[in-house]
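Trainee: Please take a close look at the charged side chains in this model, and then at the sheet and helix around them. I would like one connected account.

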Amino acid sequence: MIAKKVQCIICGDDVISTWMMSRLQAGGYRVPKDIAIASLYNSSSLNCFSPSITAVSVPARQVGIRMGTQMIHCLGQ
């Protein structure tokens with residue numbers, strides 16, 4: 001990812017974010033100077049990192065309803 005000049009890794013949940021942060025730091029990368037990490041789930045487990053991981057609170061119920069509606073729409077075509 002670093003060789004391909006990726007600027008940010010967006011992780012689907014905090015478990016992946018935590019794993020990614022640990023792997024990058026163990027590899028000697030500086031987060032966010034070398035590469036940034038963002039999470040689509042904002043739990044308190046991200047508070048233990050320095051620097052902090054950017055997180056977005058995504059309402060899971062609304063996402064599920066929207067995805068279900070789109071799937072039904074696609075099946076009806």
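Mentor: Arg-30 has 48% relative accessibility, so Arg-30 counts as partly exposed. Asp-34, at 29% relative accessibility, is therefore also classed as partly exposed. The model is predicted. In it, the side chains of Arg-30 and Asp-34 form a salt bridge, with 2.9 Å from N to O. That lies inside the 4 Å limit used for such a pair. Searching the whole structure gives 1 salt bridge. As background, side chains of opposite charge can pair when their charged atoms come close.

Asp-14 presents another case. Asp-14 is buried and has no salt bridge. The nearest side chain of opposite charge to Asp-14 belongs to Arg-23, and the separation is 17 Å. What is Asp-14 in contact with, leaving aside its neighbours within four places in sequence? The contacts are Ser-39, Tyr-41, Asn-42, Ser-43, Ser-45 and Leu-46. Asp-14 itself is located in helix H1, which covers residues 14-26.

From there the account moves to the sheet. The sheet is open and has 3 strands, in the order S1-S2-S3, with parallel pairing. Strand S1 (8-11) and strand S3 (54-55) are the edge strands, each pairing on one side only. Between S1 and strand S2 (residues 36-39) there are 4 bridges, in the parallel sense. Helix H1 packs on this sheet and touches both S1 and S2. The direction of H1 makes about 165° with that of S2.

Ile-9 stands opposite Ile-37 in S2. The chain passes from S1 through H1 to S2, and this β-α-β crossover is right-handed.

Which residues lie on the covered face of S1, and which on the uncovered one? Ile-9 and Cys-11 make up the covered face, while Cys-8 and Ile-10 make up the uncovered one. In a regular strand the side chains alternate between the two faces of the sheet.

To put the charged residues side by side: Arg-30 and Asp-34 meet in a salt bridge, whereas Asp-14 is buried and has none.

Technical notes:
Residues numbered from 1 in each chain as written. Predicted model: local features only at pLDDT ≥ 70, side-chain atom pairs only at ≥ 80, totals over all residues. Heavy atoms only, no water. Buried < 20%, exposed > 50% of the residue type's maximum accessible area, 1.4 Å probe, protein only. Helix = DSSP H or I, 4+ residues; strand = E, 2+ residues; numbered from the N terminus. Lys, Arg positive; Asp, Glu negative; His and termini not counted. Contact = heavy atoms within 4.5 Å. Pairing = 2+ DSSP bridges. Axes fitted to C-alpha atoms, helices over the stretch in contact; angles between N-to-C directions. Right-handed = clockwise from strand over helix to strand, strands pointing away.
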